[in-house]
Amino acid sequence: MIEPGDRVLAGVSGGADSVCLCLILAELSAELDFSLEIIHVEHGIRGEESIRDAEFVRKLCEGLGLCCHVIRVDVPEYAKQNHLGTEEAARILRYEAFAEEAECGDKIALAHHMEDNAETMLMQLVRGSGIDGLCGMRPVREGGRGEVYIRPFLALERRDIEEYLRQKNQPFCEDSTNADADYNRNRIRHRVMPELCEVNRQAIKHMNDAAERMREVRDYLDEQEARCGQDIIRKEADAVYLDAEKLQQLPKALGMRLLHRAIGLAGRKKDVTSTHLEAVWALLDRQTGCMASLPGGMVARREYQEIAIRRKVPDGTQGICVEILEEDMKKPCFAIPVSDGKMECRIFSFDGNMGKIPRKMYTKWFDYDMIKNGFSVRTRKPKDYFVLDAEGHHKKIEDYYVDEKVPAAERDSRLLLTQGAKVLWIVGGRMGYGAGIAEHTRMILEITYVKEE
């Protein structure tokens, strides 16, 4: 991880893990002949406590004769402006601070250990990650500006670190937010991990061993992906194109990685989950014009013998369109990815109690037998209509938008559940007559629209 002559910048928060890292690197710097500097990022979250931690790190460095860079950022304001959670905003600004302070080739040392890695694996798993997420943290990885991140403690458990500090009689700071169950990682750390360790005392070690084996699998797939990608992926100015026939001939595990790579080339990989990848993979069996929506305003579209991934829908089409076929409707649960979230679908039997019908804007019950042949989730088309009553009176969607005073700028982005030109549900608005359940209904299709946070 460290070579003679390297400049190493260690991220030190003042907590036990990073203080231990600071002490060990300080001891090793002369022996291994590298220079060491410390970076402390003050997030602007915890008021006086945060300022206290910064002062603690400054004095620790002063005692060790190390240069200390204290960088202050405003996490709450950044989170607000970018519609992010506090955890995600803090992580982004912290890594930006590291990259700004480093020069190309500098090593940035971070104090993540085995428990951190196991927690990360679980976080990625519940978010819907694939192989890459289950690999956990990379011991060494290159950043976007040529800086190199190293994690020397990934082979250590937290108790090893705490024992070292006890032997050194070295104090450290306690972050009060580490006990706050509002943070997802804390819930996993304080509730889930202890339960797993009750099941098996070696759970953390076994998870880290599994991550290492998964990294070996990933490295192999990376090699195959790079080789196949040259023949299947084509990047143009307007979109990234994949050869559908060649893609379909590959093992799905490899094909899905190529899809992920293509999405990154077209715009971004952030927030792309296995649900999105499955939706794009399904386009291999769809006809020209079928689309799947992706995060960040991107869309994948079947175009004859190719799948095109782009930020903008080409002229002549109307927004997004995700087609759900009859075979899709045989699954008890499935999700439909859309540009700003997903639609969660659940099929179950109806007990005849009409009082249970949800009265929510974004959760609706449909008669499964009436919709089981398939439907589409899309934006409007010129001839769209919905049925008003039992007599079959119709209303055009355009007229509905006018009557309901829906702003013109929003009309093309409103999602519809349709069969042909017939609208079954204006998502967030009314349902068409006859689409919902009745006393004779046997099975229910429940659809809930969930917006991205």
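Strands, like helices, are DSSP runs numbered from the N terminus, a strand having at least two residues. In this predicted model, strand E2 covers residues 35-42, and Glu37 has its place within that strand. The side chain of Glu37 is joined to that of His69 by a polar contact of 2.6 Å. When neighbours within four places in sequence are left aside, the residues in contact with Glu37 are Arg7, Val8, Leu9, Ala10, Cys67 and, once again, His69.

Helix H1 itself consists of 17 residues, numbered 16-32, and from its first C-alpha to its last it reaches 24 Å, which is close to the 24 Å expected at 1.5 Å a residue. A bend of about 25° is found in H1 at Ala26. The buried residues of the helix are Ala16, Asp17, Ser18, Val19, Cys20, Leu21, Cys22, Leu23, Leu25 and Ser29. After H1 comes Asp33, a residue whose phi is positive, near 60°.

Aromatic rings were examined next, and a search of the whole structure finds 8 aromatic pairs. One of them is formed by Phe350 and Trp365, whose ring centres are 6.4 Å apart and whose planes stand at 75°, so that the pair is edge-to-face. Phe350 lies in the loop between strand E14 (341-349) and strand E15 (363-367), while Trp365 lies in strand E15, and the pair therefore ties together parts that are 15 residues apart in sequence. Both Phe350 and Trp365 are buried.

A further aromatic pair, formed by Phe366 and Trp425, is tilted, with 6.0 Å from centre to centre and 55° between the planes. Because Phe366 lies in strand E15 and Trp425 in strand E20 (residues 422-426), this pair ties together parts that are 59 residues apart in sequence. Phe366 is buried, as is Trp425. Elsewhere in the chain numbering, Tyr95, Phe98 and Tyr149 form one aromatic cluster.

Terms used: Residues are numbered from 1 along each chain as its sequence is written. This is a predicted model: local features need pLDDT of at least 70, side-chain atom pairs count only at pLDDT 80 or more; totals for chains, interfaces and linings use all residues. Side-chain values use heavy atoms; hydrogens and water are left out. Helices (H or I, at least four residues) and strands (E, at least two) are DSSP runs, numbered from the N terminus. A polar contact is a pair of N or O atoms within 3.5 Å; within protein, one must be able to donate a hydrogen and the other to accept it, and residues adjacent in sequence count only if both atoms are side-chain atoms. Contact means heavy atoms within 4.5 Å. The expected span of a helix is 1.5 Å times one less than its number of residues. The bend at a residue is the angle between axes fitted to the seven residues ending there and the seven starting there. Buried means under 20% relative accessible area, exposed over 50%, partly exposed in between (1.4 Å probe, protein chains only). Rings of Phe, Tyr and Trp (its six-membered ring) pair if their centres lie within 6.5 Å; planes under 30 degrees apart count as stacked, over 60 as edge-to-face and the rest as tilted.
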